[in-house]
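The sequence and the structure come first.

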Amino acid sequence: MIYLDHAATGPVRREVLEAMWPYLTGEFGNPSSHHELGEQAARALAAARETIAAQLDCRASELIFTSGGTEADNLAVKGIALAQPRGRRILTTAIEHEAVLESCDYLRRLHGFTIVEVPVDREGLVDAAALARLLTPDTTLVSIAHANNEIGTIQPVAELAALARAQGVPFHTDAVQSAGWLEVGLRRLGVDALSVAGHKLGAPKGIGVLALRSGTPLEPLLHGGGQERGRRSGTENVAAIVGLAVAMRLAAASRPEAAAVEAVRDALIDGILADVPTARLTGPRARRLPNSASFVFPGTSGEAVLLRLEAHGIVCSSGSACAAGSDEPSHVLLATGVSAELAQTAVRFTLGYDSTRADADQAVRGVREAIDALLAH
């Protein structure tokens, strides 16, 4: 099997499993307990927090552990908006992850917020000048992802966040897709809140983190025992947090290899565009994640292409895994000007650090055969 759906999830790395194992077995204590088992867990939690803080260019006290990227996004958007006294106006884009869009819609429906969409171009890039024009004294929050999960577009987040900071407006970025491939960090990007999900990095599903700049008001979503400095109650998942720390350290060590993955990605893109003349690349050619290649194939169905590719041992996706089961066309593609009919033909290939040129070549052959067969019918 050739697995080209790393944007959906990736395998847990062996080093991560080995680091987690003690806290799933003998060292199972609750880090809030005042006995030796609890203190062992508390020490492991503190060490992991320091490691992750170093990777996210923030203080250990600025981390809030969550159940994943979705909760981190919800906590950032709802938590900052509901705690922030200035205005009831949020700026975001139409191509954000559903965790951000649905959080914004919740604030609109139940709390009377106005949600304003910052325009994006046909490649999914945010118009910085438009953001500058839309920022007002009553703007509560800006939330724009670092990189898009469907078409791989990388936003100029540092530039956008600087515009918001000049107006005193908090800026949140979803770095779930970018954290494994690009240098991210609270101060490195100049943002006030940054979301990461462990299972995109080689950690298990069910662990994430929100980095939140000190002094940023936040209303908790979960109330209880006051863990995470009162910002996210609930007994910490020590094993998964330890695993996340190892995964983030390994991801940082792997980043120099991103250029090699990018070369494989380019071979995949060039091969498909050459062998399937009707194929159209979605998102930018250059300013995209090193591992991301996404296409539409006119005259086909994305799901039909996926089934034929899987029969050839190639696993990929028709778009965001978080929208699995939906018959609706991709909101990301619609926002970039792709018609609803054409959006239904979308296929996304996302590579891992172990993806090879042979994998790309086999994927190109599989796509060509799949499209030829479907168009012949």
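## The second largest pocket

The second largest pocket holds about 380 Å³ of space. A pocket is an open set of points on a 1 Å grid over the protein atoms alone, with protein on both sides within 12 Å along at least five of seven lines. Grid points are joined across faces, edges and corners, and a volume is the space filled by probe spheres set on the points. The model is predicted: local features need pLDDT of at least 70 and side-chain atom pairs count only at pLDDT 80 or more, while totals for chains, interfaces and linings use all residues. Residues are numbered from 1 along each chain as its sequence is written, and side-chain values use heavy atoms, with hydrogens and water left out.

The pocket is lined by 20 residues, of which His6, Lys200, Leu201, Gly352 and Tyr353 are the closest to its centre. Its lining divides into 8 nonpolar, 9 polar and 3 charged residues. Here Ala, Val, Leu, Ile, Met, Phe, Trp, Tyr, Cys and Pro count as nonpolar, Asp, Glu, Lys and Arg as charged, and the others, Gly among them, as polar.

## Cavities

A cavity is a set of grid points where a 1.4 Å probe fits but cannot get out, and lining residues have an atom within 4 Å of a point. There are 2 cavities of 30 Å³ or more.

The second largest cavity has a volume of about 30 Å³. Ala7, Asn148, Asn149, Gly152, Gln177, Leu289, Asn291, Ser292 and Thr350 line this cavity. Of its lining residues, 2 are nonpolar, 7 are polar and none is charged.

## Aromatic rings

The structure has 3 aromatic pairs (rings of Phe, Tyr and Trp, the last by its six-membered ring, with centres within 6.5 Å; planes under 30 degrees apart are stacked, over 60 edge-to-face, the rest tilted). Phe295 and Phe297 are stacked, because their ring centres are 5.9 Å apart and their planes lie at 25°. Phe295 and Phe349 have ring centres 6.1 Å apart and planes at 75°, so this pair is edge-to-face. That pair links distant parts of the chain, 54 residues apart: Phe295 is in strand S10 (residues 292-296) and Phe349 in strand S12 (residues 346-350). Strands are DSSP runs (E, at least two residues), numbered from the N terminus.

Phe295, Phe297 and Phe349 form one aromatic cluster. Phe295 and Phe297 are buried (under 20% relative accessible area, 1.4 Å probe, protein chains only), and Phe349 is buried as well.

## Cysteines

The whole structure has 0 disulfides (pairs of cysteine sulfur atoms within 2.5 Å). Cys104 counts as buried at 1% relative accessibility, and Cys316 is buried at 12%.

Definitions and conventions:
Buried < 20%, exposed > 50% of the residue type's maximum accessible area, 1.4 Å probe, protein only. Helix = DSSP H or I, 4+ residues; strand = E, 2+ residues; numbered from the N terminus.
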